[in-house]
Amino acid sequence: MSKLVIVESPAKAKTIKKYLGKDYEVVASMGHVRDLPKSKLGIDVDNNFKPQYVDMSDKKKVVSELKKQAAKSDAVYLATDPDREGEAISWHLAQILGLDIGNSLRVEFNEITKTGVKNGMANPHKINLDLVDSQQARRVLDRLVGYKLSPFLWKKIKSGLSAGRVQTVALRLIVDREREIKAFVEQEYWTVDAQFCKSRSTFDAAFYGKSNGDKIEIQNQQQADEIVEKLKECEFFVSNVKKGVRNKQPSPPFITSTLQQEASRKLGFTGQRTMRAAQQLYEGVEIESIGTLGLITYMRTDSLRISDEARAAGNKYIKDVYGDKYLPKTQRYFKTKKNIQDAHEAIRPTTIELTPEKIKGSLTADQFKLYKLIWERFIASLMAACVQDTMSVDITGGDYLLRASGFNVRFNGFTVLYVEGKDVEDKDSSRLPELSEGDKLNLKSVKSNQHFTQPPMRYTEPTLIKAMDDLGIGRPSTYVPIIMNILQREYIEREKKQLKSTLLGETVCDLMVEHFKKIFDVKFTASLESSLDKIEAGQLDWVNTIGEFYKDFESLLKKAEETTSGVKIKVPDVETDVVCENCGRKMVIKSGRFGKFLACPAFPECRNTKPIVTETKGNCPVCGGKVLLKKSKTGHKYYGCENAPKCKFMTWDEPVSDVCPKCSKTLFKKRGGILHCLGEGCDYEIEVKKKNKVPKE
């Protein structure tokens with residue numbers, strides 16, 4: 001007989017088993033074991049929205065094994081993830097296994113370390129039914145919206161579409177931004193920049209306006225050129241110097257949203273890739289000479305709290321490695337947003353002494369990069385501020401005023417270790433020489449520059465996550481699934497790193513907003529999220545909250561179906577420059593089972609179709625034709641000759657613009673940064689560090 005501990009994943013089970021020893025069996029539920037049925041609504045709307053849960057079909061074997069294990073165990077502990085979803089999984093497991101939810105059978109591990117596991121097992125508690133109610137409320141809400149609206153979309157647009165309570169609002173943000181960009185009218189403006197000399201130092205200054213402080217907006221070249229010519233005739237002197245000291249504070253340790261944003265900016269990771277690596281680091285990694293260890297705390301959190309023990313360990317590391325001056329005089333505490341339950345800590349390393357370089361050999365490339373980011377961000381958050389000496393200077397010449405500003409670092413503080421990335425990089429301030437009021441300056445050069453106002457930037461994955469976080473829509477565990485969902489539905493697409501709405505996405509968004517404006521309003525969605533958080537805190541009843549929402553929703557749906565009766569909306573086709581050789585019309589882009597393809601708009605009269613191909617910079621090493629980027633039926637990218645099937649050349653390796661120094665044929669890049677030649681009989685191969693650059697032999 002033994003004690004049974006049920007977790008969610010096998011990796012976590014393996015790590016925890018090592019800490020608990022032979023008296024415990026640790027098994028995995030593999031995530032959720034019960035859910036609403038797929039074939040029907042599964043919610044008794046007339047009976048307080050009671051969910052009708054069923055055992056998941058792909059978990060029957062798992063459930064059967066769990067029942068056998070529970071039956072022969074002295075005690076059962078439910079150790080699923082320490083969040084809302086984890087609490088719901090524990091509640092479902094208790095129902096299935098016939099456990100008494102009035103008993104203290106729930107344990108939580110904020111970190112999968114020996115200390116974290118021992119503390120969790122020493123403090124079992126009852127299942128938090130408020131958390132369960134909150135998860136149920138979200139699940140019921142999402143099912144009601146999705147199950148009721150999807151058929152409406154099928155009838156009005158086409159089958160296979162879906163709408164979601166939060167995903168449609170996220171889509172709306174992207175669609176609205178795309179329309180802002182299209183409606184944007186650029187405005188011309190000019191700037192005048194000068195370079196001055198003092199002794200042997202040079203520095204830049206920007207034209208501001210009149211010497212009395214009135215700003216001048218330069219609107220055209222003629223005005224700019226006139227100012228340039230007048231400045232060339234002026235004598236210049238420093239009319240005002242303002243010096244100051246700026247303390248630049250470090251960023252707080254990561255929460256889920258900021259981790260996803262920074263991993264995208266600094267590592268180029270998608271949200272999905274970030275959370276995959278974070279999950280592995282949390283659940284446990286085999287570390288050489290140590291064993292399996294969870295390296296970070298739980299990664300789905302919006303709390304900025306850190307434990308006293310972690311703070312003390314971090315401070316000790318800073319003192320030992322950098323010295324006392326790199327510790328702030330008073331400890332820094334970061335304020336968590338309102339309505340956050342603060343159930344567990346910010347994302348931080350579990351063992352400060354395990355620096356990234358020490359354990360690099362035990363981690364995959366993604367694990368190492370993400371661990372290094374988390375470790376450095378946490379340590380930096382405890383360090384002293386960066387102290388900068390700032391100086392702003394007014395320069396007068398005739399009737400004109402120019403300004404320059406800059407800073408010097410007096411003390412680097414936390415920046416010795418870590419500086420937060422930015423979505424739009426700041427322009428570097430000039431490094432200014434020592435200047436005093438009354439100093440005469442020599443004008444080295446002056447020039448005018450034409451500019452145009454820019455439209456707002458498209459969202460990227462990190463900026464969309466930040467927008468959702470700031471607006472209060474979605475929660476840490478939902479950001480990645482929301483973005484993946486609207487990508488997979490082809491409501492949006494990636495253009496390099498930017499997220500752009502498709503015509504299908506715009507059509508769906510317009511229909512939803514026209515008939516369900518209140519439901520898909522950003523402020524309403526944020527308010528509903530806040531209500532769901534209050535359910536989690538035990539401040540609201542989940543049934544009443546759902547009831548109030550459903551009353552409005554049902555009324556809007558009924559009205560929408562009446563006003564659109566018999567209406568079918570056509571998604572506009574994306575026209576291309578490719579001409580149909582059968583009938584002469586310009587072909588359009590369609591989507592099919594295996595992705596997008598070109599089709600004649602005259603269908604069904606003309607049934608001509610073509611695959612969409614993209615030309616690369618390379619030439620076929622066999623026949624000299626263009627190399628095309630293609631997709632297999634399973635969606636994998638490969639490269640083939642434009643003269644196929646006559647020419648049989650194909651490769652998985654990417655062609656580059658450089659040519660082989662031996663035979664002058666296109667080079668291809670293998671994984672690992674190896675460039676090699678595929679010309680017959682040529683064995684040229686070389687490793688490069690910079691993309692598409694061939695070192696000289």
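**Figure 1. The β-α-β unit of strand E1, helix H1 and strand E2.** In this predicted model, strand E1 (residues 2-7), helix H1 (residues 10-20) and strand E2 form a right-handed β-α-β unit, where right-handed means that, with the strands pointing away from the viewer, the path from the first strand over the helix to the second runs clockwise. Helices (H or I, at least four residues) and strands (E, at least two) are DSSP runs, numbered from the N terminus. E1 and E2 pair in the parallel sense over 5 bridges, pairing being assigned if DSSP finds at least two bridges between two strands, and Ile-6 stands opposite Val-27 in E2. Of the 5 residues of E2 (residues 24-28), 4 are buried, so this strand is largely enclosed by the rest of the structure; buried denotes under 20% relative accessible area, exposed over 50%, and partly exposed the range in between (1.4 Å probe, protein chains only). Residues are numbered from 1 along each chain as its sequence is written, local features need pLDDT of at least 70, side-chain atom pairs count only at pLDDT 80 or more, and totals for chains, interfaces and linings use all residues, while side-chain values use heavy atoms, without hydrogens and water.

**Figure 2. The largest nonpolar core and the surroundings of Phe-49.** A nonpolar core is a set of buried Ala, Val, Leu, Ile, Met, Phe, Trp, Tyr and Cys residues joined through side-chain atoms within 4.5 Å. The largest has 78 residues, of which Ile-6, Phe-49, Leu-149, Leu-153, Met-468, Met-512 and Phe-516 touch the most other members; helix H5 (residues 129-156) gives the most to this core, with 9 residues. Apart from it lies another core, of 63 residues, including Val-5 and Leu-281. Neighbours within four places in sequence aside, Phe-49 has contacts (heavy atoms within 4.5 Å) that include Val-140, Leu-144, Trp-542 and Tyr-550.

**Figure 3. Helix H9 and the residue that follows.** Helix H9 (residues 271-283) has 13 residues and reaches 18 Å from its first C-alpha to its last, close to the 18 Å expected at 1.5 Å a residue, the expected span being 1.5 Å times one less than the number of residues. Among its buried residues are Met-275, Leu-281 and Tyr-282, and H9 is followed by Gly-284, whose phi is positive, near 135 degrees.

**Figure 4. Thr-292 and Ile-290.** Leaving aside neighbours within four places in sequence, Thr-292 is in contact with residues including Lys-18 and Gly-284, and Ile-290 with Lys-18 and Leu-354.
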